[in-house]
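I opened my notebook on this structure today.

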Amino acid sequence: MTTVENATTVEDTATAAATGASATERFRTDKTLAADTPPERVSLLAREVLEAVHATIRKHDVTYAEYDALKAWLIQVGVDGEWPLFLDVFVEHVVEEVANARREGSKGTIEGPFYAPGAPEFGAEGTLPMRDGEPGTPMTFHGQVRSVAGVPIARSTVDIWHCDDEGFYAQFAPGIPEWNLRGRFTTDDEGRFTIHTIQPAPYQIPTDGSTGALIRAADWHAWRPAHLHLKVSAPEHMLITTQLYFPGDPHNDDDIAAAVKPELMLDPRPTADGTGVDVEYDFVLDPA
Ligand code: MBD
Ligand code: FE
């Protein structure tokens with residue numbers, strides 16, 4: 001057996017259990033846990049989900065061994081704190097689809113498990129918090145926030161978070177400064193914002209936890225394409241939660257979380273000095 005001494009790098013310590021525990025704690029702190037769903041609707045939804053499970057068992061002659069393996073796995077998802085991860089990867093995209101079906105403005109997509117409210121505030125232009133020599137291609141991301149009528153929205157909020165060049169999120173992997181690559185911007189008189197950051201790397205679902213165990217057992221892959229996460233909001237408008245993607249990423253077409261949409265593809269251009277990329281994206285907010 002080998003012993004790991006000085007296990008201080010992110011790679012050594014970013015276990016699924018640590019990440020899952022953070023995501024579970026975050027969810028309990030931030031989210032409203034009551035939906036005011038009447039008993040008739042609870043009954044309907046629970047019954048139909050259970051009937052879908054029953055139908056799958058009958059259709060495929062599920063065995064007692066498989067039933068017990070399922071029980072053990074469900075228990076372990078909770079132990080690992082991976083319910084936020086598992087649900088956001090495999091279920092949230094349909095909830096988002098239904099919730100935002102009637103919007104006319106910018107497309108949304110899933111929030112995922114790694115948002116943290118209260119990021120550092122900037123004006124219309126700024127550089128996201130990052131470490132000295134933060135690895136990754138420098139990127140300037142700029143754009144305008146408008147209403148569906150085409151009117152620029154001054155003083156709207158662009159809340160951005162993304163992982164680093166190794167695929168790790170601050171507050172969910174250890175050893176990263178608390179607000180690394182997270183920030184809130186306020187658009188100027190013309191609704192414009194400019195964010196200096198680095199390009200995020202593709203994200204791999206932790207392979208050492210229960211979500212990873214399912215992915216391996218099913219012979220799926222664990223990747224999400226590289227993405228920026230955003231929440232864009234303004235008074236009297238609907239907040240939009242979205243993500244933006246980079247062309248050419250091998251996982252744009254088979255995102256494990258099924259959260260890529262053609263409208264969310266960026267078009268980054270190399271900067272004149274060749275050291276980084278410049279990318280523009282505008283947001284259109286529906287009225288509240
Ligand atoms: C992520 O970075 C993410 O965006 C989602 C939806 C799920 C897991 C990790
Ligand atoms: Fe993400």
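**A buried histidine**

I looked up H229 and found it buried, with a relative accessible area of 4%. Buried means under 20% relative accessible area, exposed over 50%, and partly exposed in between, with a 1.4 Å probe and protein chains only.

I noted the ground rules next. This is a predicted model, so local features need pLDDT of at least 70, side-chain atom pairs count only at pLDDT 80 or more, and totals for chains, interfaces and linings use all residues. Residues are numbered from 1 along each chain as its sequence is written, chains are lettered from A and ligands numbered from 1 in the order written, and side-chain values use heavy atoms, leaving out hydrogens and water.

**The iron site**

Which protein donors does the iron ion (ligand 2) have? I listed Y169 (OH), H227 (NE2) and H229 (NE2), lying 1.9 to 2.1 Å from the iron ion. Donors are N, O and S atoms within 2.8 Å of the metal (3.2 Å for Na, K and Ca); water is not among the atoms, so sites may look incomplete. Their spacing in sequence is Y-x57-H-x1-H. Y169 sits in the loop between β3 (157-161) and β4, while H229 is in strand β8, 60 residues apart. Strands are DSSP E runs of at least two residues, numbered from the N terminus. I checked Y169 too: it is buried, at 3% relative accessible area.

**The sheet**

I traced an open sheet of four strands, ordered β4-β3-β8-β9, with antiparallel pairing. Two strands pair if DSSP finds at least two bridges between them. The edge strands are β4 (182-186) and β9 (240-245). β8 (residues 227-233) and β9 pair over six bridges. L228 has L244 in β9 as its bridge partner.
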